[in-house]
Amino acid sequence: MSDKSHNPNQMTGAAMIVRALIDHGVTDIFGYPGGAVLPIYDEIFQQSEVQHILVRHEQGAGHAAEGYARSTGKPGVALVTSGPGATNMVTPLTDALMDSIPLVCISGQVPTHLIGNDAFQECDTVGITRPCTKHNWLVRDVNDLAKVLHEAFYVATSGRPGPVLVDVPKDVQFATGTYHPPRKSDVHRSYAPRVKGDAAQIRKAVALLANAKRPVIYSGGGVINSGPEATRLLRELVEVTGFPITSTLMGLGAYPASGKNWLGMLGMHGTYEANMTMHDCDVMLCVGARFDDRITGRVDAFSPGSKKIHIDIDPSSINKNIRVDVPIIGDCGNVLGDILQVFKAEAKKPDIKSWWQQIAQWRARNSLYYKKSSDVILPQHAIQSLFEATRGRDTYITTEVGQHQMWAAQFYGFEEPHRWMTSGGLGTMGYGLPAAVGVQVAHPDSLVIDIAGDASVQMTMQEMSTAVQYELPIKIFILNNQYMGMVRQWQQLLHGNRLSHSYSEALPDFVKLAEAYGAVGLQVHKPGDLDGAIQEMISVKRPVLFDCRVAALENCFPMIPSGKAHNEMLLPEQANDEATAKAFAGGKALV
Amino acid sequence: MNQPASAYFIEERHDPNETHTLAVLVQNEPGVLARVIGLFSGRGYNIESLTVSETEAQKHLSRITIVTTGTPMVIAQIKNQLDRMIPVYQVVDMTQTRRSIERELAMVKVRGQGEHRVEALRLADAFRARVIDATTESFVFEITGNTDKINQFIDLMRPLGLVEVSRTGVAAIGRGPEGM
Ligand SMILES: Cc1ncc(C[n+]2csc(CCOP(=O)(O)OP(=O)(O)O)c2C)c(N)n1
Ligand SMILES: [Mg+2]
C-alpha cells in the first residue's frame, strides 16, 4: 500500500481535472464556482499553470471560451457548477455546436448517490446538453475520469469541431484514482472522422473546375477551422484558377477582403455581386460551408444552372439542404491541397474574362451604397471609420446580433482568419461582449473590439466587470440606434410597420454605466466627432463602452426578401427613404 | 406559393416518402439510446419501429433496428446523422444495401367463447401462431413474421375478441454468409 501513495498518478478526481487541462496545453479557463465544483476550485487555488478567469454569469464563461477558441484555433474551456451553472451553459454550448467551435465544458454534479433524488442544484445535465453538444459524458467512477477528459479534448477538436461536456459528480472529484496521460485508446473506436478526400471525386471536381465558364468559390467557416494551411491553400487556389470568391459570415477573413477576386459576403445581406455570381454560375465550389438557409434563399431557385462541388468533413452536411453533384468528404485543407495538386498538374487557368466582365457590371450596382449625412452618424459610416482607424493594427472584432452585425460583416474588411468572432448559426445576442473578454485573454496586447447593438449588449453587460477585474482593455463599440434594429426592419418590411416591442425603451446611460463598472465611457452624436472619439477609444488602455449614437431608422441592405431567390435582391436604391416611408404609411408588407 | 411574412423560406416538399429499415451498431453505454431517439425527435424524423438489445456482450455492442420513413434525401440525412454520433460504429440500410429478412414477434390476447374461440384458433393455426396461454375464455397467441403478416393477424383477431397486443418491433438481418 505504501508504494501506492508514492505513485504520482494517484490523485483525486479534482486534481485529475487540473492535470488533464495542463496535459492538453490549456493555460486559461473561464468559470464560476459553486457547491458541486468546490474541490476543483480548491485544486485551481493551489497551482499556477492554469489561469482561471472569473466571469459574472456562466453564459459569459461559455462565450468567452468560444471567443478564445475562435481567435486561437485552440479549444476553449469553461468550468461551471451543477444545476443553474450547467443550465446557464446551454446557450453557449448550442452556439458552439452551430458554429463548430471546439469547447470543453466541465460541470459539477451532485454526488452519485443523490443523482435522481432531486437533490439541491441537481439537474439532468447530460440529458439537457445532449442535443447541444457534439458528445457528453457523466463520469461515475474516478478511474474513468482521465480517459473521458482526454477523449473530450479529442472529440472537441478533431473532425468537425464542436462543444463537449464532462459532468463530474462531487464524490468523484473527491475520490482518489489513477490518472494517465492522453493516449490513443482513450477514444471510442467508433469515432474516426475522415480527413482525406476520395481521389476519384477530386478528379471529377478538377475536371469541372478546369472547364468552368462561370465559376465561383463559396467558402465558409470550415476553412478557418481547418487551420492556417487551409487558408493558404484557398488563397493559392484562387490565384491559380483566377476564380471569383465569396464567403459566408463565418468564413470572413479566409480570403482577404482586399484581394482582387473578392466579391464580398453572400446570402441574405450579402453583396449583389456575390449573390448574382452564385445564382448565374455554372460551377460552384463550396468549401467548408453548409448551404444554410440564410445563404441559399429560396432553395428551389438556388443557383439553378450550376454543377456543385461540396467539400465538408461532416458527411451529414452533404445533400442536407441542397443536392450537390460532387461531394468530397474530408478536411478542407487536405482536400484543397489535393485539388490544387491535380489542377496544377493537369489543367490550366480557364479563360473566364467575359464572366469577370459580367461580375464588373454587378459590382457597378454598388449594392452597399448608403447616403452619408453631416448631421447624424450612419451606422455603415461608423463601421467604415472604425475599419480605417484600426487598419493595419493587430485587431480582433467580435459582434452581437442584429443590423450592426451585418453592417460589420459588410463594411469591415477582414484580411486574416481568426480575426472575426460572431454568432452565426444561433444568432445569439449577448455573444460579443464575453467573446471579446475571451479573445483579449488570449491576445492581451491586441486591440479587441465588440461591434455591439444597444439591445444585445445589455444581455451580457455584466461581463464588463470581468474585463475590469482582469484589466482586459476590450472596446465595446455600440451602434446605438435605440431600437432592436433588425427586429424593427422585419416588422417594417413584413408586419405592416407595427413596431411591436422593438423600441429600446429606458436605455441606460452607457457612459455612466461604464463608469459604474470602473471602465471608460465615451459618447458621440456628430459625424464630425467620430474619428477623434475612435482614436481616443483605441488609445485608452482600459475597457471602454463607446456609445455611438447612430441614425435610428437606418435599415440593412441589400437584402434577399423572404421567399426570394438570389437574383431578386432588394438593393439600397430600391429601399430608399421613400420606399421605407411608403411601408410606414401603407403598413404594407413588401413581400 | 404565397409566402407568409416570415424570416424563413417556407417551402413545400413533394418528394414521395419511402420506408427504410436501418441497423445501427453502437457502443452499449449509458445514454446511447437516448442519443439516437433524441436525434429522431429533435430533427423531426419518424420512428415506425425501434428495437434494441445487446448483441455482443464482451465487446459491449448493441444493435438498434429502426424502421423509419422519409424522402430519399431525409433517409440519407438520417443515416449520416446517426453515423456521425460518437458511439455509433456502423449504420446499414437494410432496405437499400442488400436483401434482408425482417421479423417481429407479437403476443396477442383474444377473449371469446363458442364459434369465435374456435375461429380464432383456426386462424392462429393458419398463421402458425402458437398458443402460449389459455383459459376457458381466452388465448394468448405468439406469432412471428414480418410486420405485414402480424398486422394482418391482428386485424383478423379484432372481431373475434382482441384484448391487447404486445409487439417487439422489427429485427432485421441480411441474407447470405456475410455479416454487417
Ligand atoms: C438571445 C436572442 N434573443 C432574441 C433574438 C432576436 N433578435 C435578433 S436581432 C434582435 C435585435 C438586436 O438589437 P440590437 O442589439 O440593438 O442590434 P441592431 O439590430 O439594432 O443593430 C433581436 C431581438 C436574438 N437574436 N437573440
Ligand atoms: Mg439597436
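**Cysteines, metal site and strands**

Guide: A:Cys556 is buried, with a relative accessible area of 0%, and please keep in mind throughout that this is a predicted model.

Visitor: What about disulfides, how many turn up over all chains?

Guide: A search of the whole structure finds 0 disulfides over all chains. A:Cys281, for instance, is in no disulfide, and the nearest cysteine sulfur, which belongs to A:Cys286, lies 11 Å away. A:Cys556 is likewise in no disulfide, its nearest cysteine sulfur being that of A:Cys548 at 16 Å.

Visitor: And A:Cys281, is that buried or exposed?

Guide: A:Cys281 is buried, since its relative accessible area comes to 1%.

Visitor: Switching to the metal: what coordinates the magnesium ion (ligand 2)?

Guide: The magnesium ion (ligand 2) is coordinated by OD of A:Asp454, OD1 of A:Asn481 and O of A:Tyr483, at 2.1 to 2.2 Å.

Visitor: Are A:Asn481 and A:Tyr483 buried or exposed?

Guide: A:Asn481 counts as buried because its relative accessibility is 6%, and A:Tyr483 is buried as well, with a relative accessible area of 15%.

Visitor: Over to chain B, then. Which feature does UniProt place at residues 21-96?

Guide: The UniProt record, an unreviewed entry, places the feature "domain: ACT" at residues 21-96 of chain B. Over that stretch the chain is 34% helix and 41% strand, and the C-alpha atoms at its ends are 9 Å apart.

Visitor: And strand E5 of chain B, which runs over residues 100-111, how many bridges join it to strand E9?

Guide: Strand E5 of chain B is joined by 4 bridges to strand E9 of chain B, residues 171-174, and the two run antiparallel. Within that pairing, B:Ser100 stands opposite B:Gly174.

Visitor: What about E5(B) with E7, in which sense do they pair?

Guide: E5(B) pairs with strand E7 of chain B, residues 138-145, in the antiparallel sense over 8 bridges, and here B:Arg111 stands opposite B:Ser138.

Visitor: Then E8, how many bridges there?

Guide: Strand E8 of chain B, residues 162-167, pairs with E5(B) over 5 bridges, in the antiparallel sense. In that case B:Ala106 is the residue standing opposite B:Arg167.

Visitor: Where do side chains point in a regular strand?

Guide: In a regular strand the side chains alternate between the two faces of the sheet.

Technical notes: Residues numbered from 1 in each chain as written. Chains lettered and ligands numbered in written order. Predicted model: local features only at pLDDT ≥ 70, side-chain atom pairs only at ≥ 80, totals over all residues. Heavy atoms only, no water. UniProt positions renumbered as here; feature names shortened; annotations may be inferred. Disulfide = S-S within 2.5 Å. Buried < 20%, exposed > 50% of the residue type's maximum accessible area, 1.4 Å probe, protein only. Donors = N, O, S within 2.8 Å, 3.2 Å for Na, K, Ca; no water. Pairing = 2+ DSSP bridges.
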